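Subject: Structure for you to look over

Hello,

I am passing on a structure, shown below, and my notes on it follow. Please read them with the coordinates open.

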Amino acid sequence: ALPPSAAPALPCTAHGDPATVAEITRGLLARQAATSPKYLYDSLGSRLFEAICELPEYYPTRTEAAIFARHGEDIARRVGTGATLIDLGAGNCAKAASLFPLLRPKQYVPIDISREFLNEAVGRLRQRFPDIAMNALALDLSGPFMLPAEVAPQRRVFFYPGSSIGNFAPHEAIAFLRRVRENASHYGGLLIGVDLIKDAAVLDAAYDDAIGVTAAFNLNMLRHLNHLIGSDFDVRQWQHVAFFNAEESRVEMHLEARTALTVRWPEGERHFARGERIHTEDSYKYTRDSFADLLAQAGFHADDVWTDTAGWFAVMHARA
Ligand code: AVJ
């Protein structure tokens, strides 16, 4: 038996807009319950993801940073200086900021779904780089998007580091990259970080770390859902599950019910048997060739790639 949770489940009003409530409700009521990984990122979730990036098991951030450190000048020659740098899923903006001295963008446009988190980060950045025009945008990139007029149209370079592209299934990634290309200018480009297929044990550990930060990151989604749809998820009744699915070439994250339970919210309710799961995230892994092929299907022309010595991660440049 599980200990009763410390806080009583209080009736709570939803804070998400109707479309959000409808989308989450649909996912929770599907035969295989699923939620979009974008709900991992409330303000605590963004902080937990920052902590993940410092874990010894979570190699992508470190490995990508090492690639930028080692090949930064080469990358800057490819990308060119003075561009409008559009950071897709900027988070704390640290990766782009580390490239400012080399890329010297004219304008920096960080985009992130978590508005509060982004505004704090950009505020600090403006003081450090007063010569770069900055326009932060709180946008959900999981659907169609259009950049507003204040984003200079000349030479837009899209920056999509960290293997965030991995959250899309390959066909969705192609659709997303097509939209990016439509928003790029004629001489525009894309600098993108891609996580590569590797030993399953390395992948499993990266998404199920020893001190449980990734578990907290995943479980925190339930608190966020409670806030968004007014549900009564008891976090203590759930556990984190993550593994590499080789057939699908992706790491999957799930939340698994530790006991039979029912979740209720104003628009619905769902019974979960013990062991039943909510699929919360996919993180697709590629080879250099399979990703170059995907870029081509989106209409981009891949023209350079940089990797670490172990071949765990790739940074690719493509022209629009
Ligand atoms: C932010 C999507 C790149 O897939 O590795 C980290 C998210 N999930 N640990 C990833 C994540 C669990 C991360 N991305």
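Predicted model: local features only at pLDDT ≥ 70, side-chain atom pairs only at ≥ 80, totals over all residues.

Next, helix α6, which covers residues 170-183. Its 14 residues should span 20 Å at 1.5 Å a residue, and the C-alpha atoms at its ends are 20 Å apart, so the two values agree. Buried residues in α6 are A173, F176, L177 and V180. Viewed down the helix axis, the buried residues of α6 fall within an arc of 95°, and therefore line one face of the helix.

In soluble globular proteins, nonpolar side chains tend to be buried together. Here the largest nonpolar core comprises 57 residues, and the most contacts inside it are made by L85, I86, V157, F158, F159, L190 and V194. Strand β13 (residues 313-319) supplies the largest share of this core, with five residues. Leaving aside residues up to four places away in sequence, L190 touches F158, Y160, V180, F300 and A318. Another core, of 20 residues, lies apart from the largest one; L40, F49, V263 and W265 are among its members.

Regards

Notes
Residues numbered from 1 in each chain as written. Helix = DSSP H or I, 4+ residues; strand = E, 2+ residues; numbered from the N terminus. Expected span 1.5 Å × (residues − 1). Buried ≥ 20, exposed ≤ 12 C-beta atoms within 10 Å, placed from the backbone. Arc of directions from axis to C-beta. Core = buried A, V, L, I, M, F, W, Y, C linked by C-beta atoms within 7 Å. Contact = placed C-beta atoms within 7 Å.
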